[in-house]
Amino acid sequence: MEGRSLAPLLKNPRERVRDSIFYAYRHLQRGVRAGDWKLILYHVDGQRTTQLFHLKDDPWETRNLVDEPAHAGRVRELTALLIDWMRRSDDRCDPRQMVAPDGTRHQGRVGTDLHPRRGMV
């Protein structure tokens with residue numbers, strides 16, 4: 001099983017066991033949360049979208065900060081972190097296009113789900 005032990009949390013609930021968490025949704029979306037920041041990459045109908053949220057100030061994710069110049073460095077940092085995780089976890093989805101390894105693009109069809117390690121499911 002992949003992951004890190006959560007045992008330190010049993011002794012000290014304030015203990016940090018990781019600096020960031022990552023997620024994948026089909027071959028459509030990838031995301032990373034680091035501290036109070038969350039970056040999401042997704043690609044639908046031929047358009048790539050990037051979203052950046054500061055969860056402490058905006059817990060409902062209503063204000064996308066990705067286009068604000070003050071956050072350009074944060075976008076670069078989190079994008080690099082996300083792409084590095086995708087490479088290390090053998091995620092074969094193209095982060096620039098969110099296309100399945102066989103070239104399938106999401107069009108609402110059943111059977112186009114992609115597990116980051118196992119491929120099509």
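This is a predicted model: local features need pLDDT of at least 70, side-chain atom pairs count only at pLDDT 80 or more; totals for chains, interfaces and linings use all residues.
The side chain of Glu 61 forms a salt bridge with that of Lys 38, with an N to O distance of 2.8 Å. This pair connects distant parts of the chain: Lys 38 belongs to strand S3, whereas Glu 61 lies in the loop between S4 and H2, and 23 residues separate them.

Side chains of opposite charge can pair when their charged atoms come close. Arg 30 and Asp 91 meet through their side chains at 2.5 Å, N to O. Here too the pair spans distant parts of the chain, with Arg 30 in strand S2 and Asp 91 in the loop between helix H2 (72-88) and strand S5 (114-115), 61 residues apart. Both Arg 30 and Asp 91 are buried.

Another salt bridge joins Arg 63 to Glu 68, whose closest N and O atoms are 2.7 Å apart. Glu 68 has a relative accessibility of 27% and so counts as partly exposed.

## Strands S2, S3 and S4

Strand S3 (residues 37-44) pairs with two strands, S2 and S4. Strand S2 (residues 29-34) runs antiparallel to S3 and is joined to it by 6 bridges; within this pairing, Ala 34 has Trp 37 as its bridge partner. The hairpin of S2 and S3 has 2 residues between the strands, and Gly 35 adopts a positive phi near 65° there.

Strand S4 (residues 47-54) is also antiparallel to S3, with 8 bridges between them. Across this pairing, His 43 stands opposite Arg 48 of S4. The hairpin of S3 and S4 likewise has 2 residues between its strands, and in this hairpin Asp 45 takes a positive phi near 50°.

How far is S3 enclosed by the rest of the structure? Of its 8 residues, 6 are buried, so the strand is largely enclosed.

## The nonpolar core

The largest nonpolar core comprises 14 residues, and those with the most contacts inside it are Leu 39, Leu 52, Leu 78 and Leu 82. At least two residues of this core come from each of S2, S3 and H2. Helix H2 makes the greatest contribution, supplying 5 residues.

Which residues does Leu 82 contact beyond its neighbours within four places in sequence? They are Phe 22, Arg 30, Gly 31, Val 32, Leu 39 and Leu 41. Among these contacts of Leu 82 is Arg 30, the residue that forms a salt bridge with Asp 91.

## The aromatic pair

A pair of aromatic rings is described by the distance of the centres and the angle of the planes. The structure holds 1 aromatic pair. Its members, Phe 22 and Trp 85, are stacked, with 4.9 Å from centre to centre and 5° between the planes. The pair links distant parts of the chain, as Phe 22 lies in strand S1 (residues 20-25) and Trp 85 in helix H2, 63 residues apart.

Are the two residues buried or partly exposed? Phe 22 has a relative accessible area of 22% and is partly exposed, whereas Trp 85, at 17% relative accessibility, counts as buried. The two residues fall into separate classes because the limit for buried is set at 20%.

Note on methods:
Residues are numbered from 1 along each chain as its sequence is written. Side-chain values use heavy atoms; hydrogens and water are left out. Buried means under 20% relative accessible area, exposed over 50%, partly exposed in between (1.4 Å probe, protein chains only). Helices (H or I, at least four residues) and strands (E, at least two) are DSSP runs, numbered from the N terminus. Two strands pair if DSSP finds at least two bridges between them. A salt bridge is a side-chain nitrogen of Lys or Arg within 4 Å of a carboxyl oxygen of Asp or Glu. A nonpolar core is a set of buried Ala, Val, Leu, Ile, Met, Phe, Trp, Tyr and Cys residues joined through side-chain atoms within 4.5 Å. Contact means heavy atoms within 4.5 Å. Rings of Phe, Tyr and Trp (its six-membered ring) pair if their centres lie within 6.5 Å; planes under 30 degrees apart count as stacked, over 60 as edge-to-face and the rest as tilted.
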